[in-house]
Amino acid sequence: MATTKLAFPLPSLSPTALSNTASLFRIVTLCLISGAAIASRLFAVITFESIIHEFDPWFNFRATKVLASEGFYEFWNWFDPTAWYPLGRVVGGTIYPGLMATSGVIYNVLHYLNLPVDVRNVCVMLAPGFSALTAWATYMFTCELKDQSAGLLAAVFIGITPGYISRSVAGSYDNEAIAIFLLMFTFYLWIRAMKDGSAFYGAVAGIFYFYMVAAWGGYVFITNMIPLHALVLVMMGRFNSRLYVGYSSWYAIGTLASMQVPFVGFQPVKTSEHMGALGVFGLLQLVSFSELVRSHLASKQFQTLLRSAVVLIGLLGAGMVGLMTMKGWIAPWTGRFYSLWDTEYAKKYIPIIASVSEHQPTAWPSFFMDLHFLVWIFPAGVFLCLKEMRDEHMFVIIYAVMASYFAGVMVRLMLTLTPVVCITAAIAVSTLLDTYTDAAQPNDQTEAQAELANIDDAASVVSAAPSTSSGAPAATPKKGKKSHKGEAAAPAFSTSHLTPSTSGPVPAAEHAHHSADELKKPGILSLDTRFWTVVNVIFLLSYFVLHCTYVTSTAYSSPSVILSSKNQDGSMHIIDDFREAYYWLRQNTAEDSVICSWWDYGYQIAGMADRPTLVDNNTWNNTHIATVGKIMALPEDKAYPILRKHDVEYVLVIFGSLLGYSGDDINKFLWMVRISQGIWPDEIQEKNYFTPRGEYKMDKDASVAMKESVMYKTSYYKFADMFQGGRAMDRARNQELPQQGPTLDYLDEAFTSENWLVRIYQVKKDDILGRDHKTANAFADGKKRKRTRPMSRRRALVTKK
């Protein structure tokens, strides 16, 4: 047998020393990865300040303050009268409380330890802290698939990948801040429960699944991923007691625990999204019972019984599900479910869902921006999992296929794709490095052919040995060679093992398999090839780090409530119009003043201005949202009665024409029209807001309905005056506006922020003389119609001379 050659010398360490050194290296590396994951999410705090970002996090922060100051039971029973005026909102029964409960526990523990940390800082830093835990959970999960080296790479990738950082920067106090850790750790526990057949791991997986249910509505992904994995294994003929114990313990404990969340309730047994998990649970019980019956019946009897049972149970099950759906006991699929399979469904039937930018299909450049080089390493990792095809690899393959599809139809679901991309890319890169850094150098072609020729000769001797010992004629070497070449996986071995022993020649032949495999095993002969391959991998990894740092610092670390731009000297210019306007509302309006704005800003108004709003980001009442859209789309005189009916005192609009801010209300206006048209199709029609040529214009060619709408008037009121007779330009839409701007009769300008980004108007009270405000304004401005002197009916007297 050929001796193993080394491509480069290795340090001479004992196995114990080597194991201890590797363990220490892994621990230190994981600590460094955790530190890097946290540090890469602090750009927003360093550049701006410790502040809550975006829109939804402001409600979460407000709810957490209630929990921290008044206790859990007050938070659980909290009724918010300022939301959805005049309806209000029962907060405890309409939220996933896991995020607030987590922050509340951390806040109370810190104060118990005499660390007076403000609840706002706990909320701001929660997502970076959990990102370190996500890196650890990803490491554990990947170790179950390959080894520790792949696990460390996966932890690095998930720690700094923009696809995950986009939802976990400091200040992004949303449900996803803790949900991705819970997602990965629940998957890890499921793999352990399935591999070990452990009821303990299954039970712990059920507990963390409950935590996930309490934290994020995306728990439905877990609810369907694990049953789908179990179903595929059963269909592949891989059912065993380990799968049965793991799934049953997870489903029973997880489902019962999840039903304790008030917002979920009995959905796990009454909605279509959860029926898959229940059906697989029942299927596993039937398969397990059939295995028990098989052990007690003859094969023919079992086959007959099995066919009858499958037909009978299938018909009964389908009939029961159909009947319960018809009776309404099982809720049908929701519109959000249909929008995942038909990207046009929401736009046609549920415009409130389609109006959210996160619900739009993902553009191809977004994959590269969020994943960089991982996006093309990802398929290689999936291929390697296909080569192994162990049960845990099947889970990753299913996860990769499902997450890839969903990430393509909805931008928001890029978040669920990122973990599996990091895991499979780590497997691919780790395998590549294992191959090119393996110190064992294969024999060259000449030596390998000589060794294989010796093995062929030895194989003929061994094949003849059993027949000789039994008295049969020995086979010739020629026949031995022929039989060796005819087998696809022919046994080969070393001649040094042909020694008499009690075990006979069979163990030697078995060892010959491994000897031939070692000779035929592919390897890297050239040190230059090894060196440049490793250098290229290091270059890609380094460039990946630079890309992640750049994207994180520029694209994902800007809070939406604070904007910034660059001055001519390169310094940063802060645009703080949002907080300026909300502070004005807080200081200059009554506490019960109702604010009418589009639903995007409801949580921010409630969180920073502490004022009631008609609608907010909860979006549970489509009619109420359509009412706001109708107000913005109608002319002033028709919108005014609706405003008075809802006790609205102030109207707030976002206007980006001066700054070139494309996220303003004018660009969202068509969604307001579409949503209100769904409720009042006779009064609001989208086509009326386009020009005859079908263009969405704000200039002199704008349609009459557009120019008369409340949205147009409140946005462009007095905007042309600031150009002092020059060309009034809308920089957000690059259109030249008319010199004569709109006028207002039923609203008074109350506040305009420094950069005209936020504009607030006060709704006039009813005229004391009962006149409409347009007539009253005309009278006040001296524009009343002058009466002409009537002609005298008297005839002129004619005097006679």
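Helices here are DSSP runs of H or I with at least four residues, numbered from the N terminus. The model is a predicted one, in which local features need pLDDT of at least 70 and side-chain atom pairs count only at pLDDT 80 or more, while totals for chains, interfaces and linings use all residues. Residues are numbered from 1 along each chain as its sequence is written, and side-chain values use heavy atoms, with hydrogens and water left out.

Let us start with helix 7, which spans residues 148–160. With nine residues, helix 7 gives the most to the lining of the second largest pocket. Helix 1 (15–39), helix 22 (414–436) and helix 26 (527–554) also supply at least two residues each. In all, 25 residues line this pocket, and Phe25, Thr29, Ser149, Leu152 and Leu153 lie nearest its centre. By class, the lining has 15 nonpolar, seven polar and three charged residues; Ala, Val, Leu, Ile, Met, Phe, Trp, Tyr, Cys and Pro count as nonpolar, Asp, Glu, Lys and Arg as charged, and the others, Gly among them, as polar.

Now turn to the partner of helix 7. Helix 6, residues 119–145, packs against helix 7 at an angle of about 150°, and the two axes are 8 Å apart. The two helices are therefore roughly antiparallel, a term for angles over 145 degrees. Their contact (heavy atoms within 4.5 Å) involves, among others, Thr134, Ala135 and Tyr139 of helix 6, and Gly151, Leu152 and Ile158 of helix 7. This contact has eight nonpolar, five polar and no charged residues.

Terms used:
1 Å grid on protein atoms, 1.4 Å probe; cavity = no way out; pocket = protein on both sides within 12 Å on 5 of 7 lines; lining within 4 Å. Axes fitted to C-alpha atoms, helices over the stretch in contact; angles between N-to-C directions. Parallel < 35°, antiparallel > 145°, perpendicular 65-115°, else oblique.
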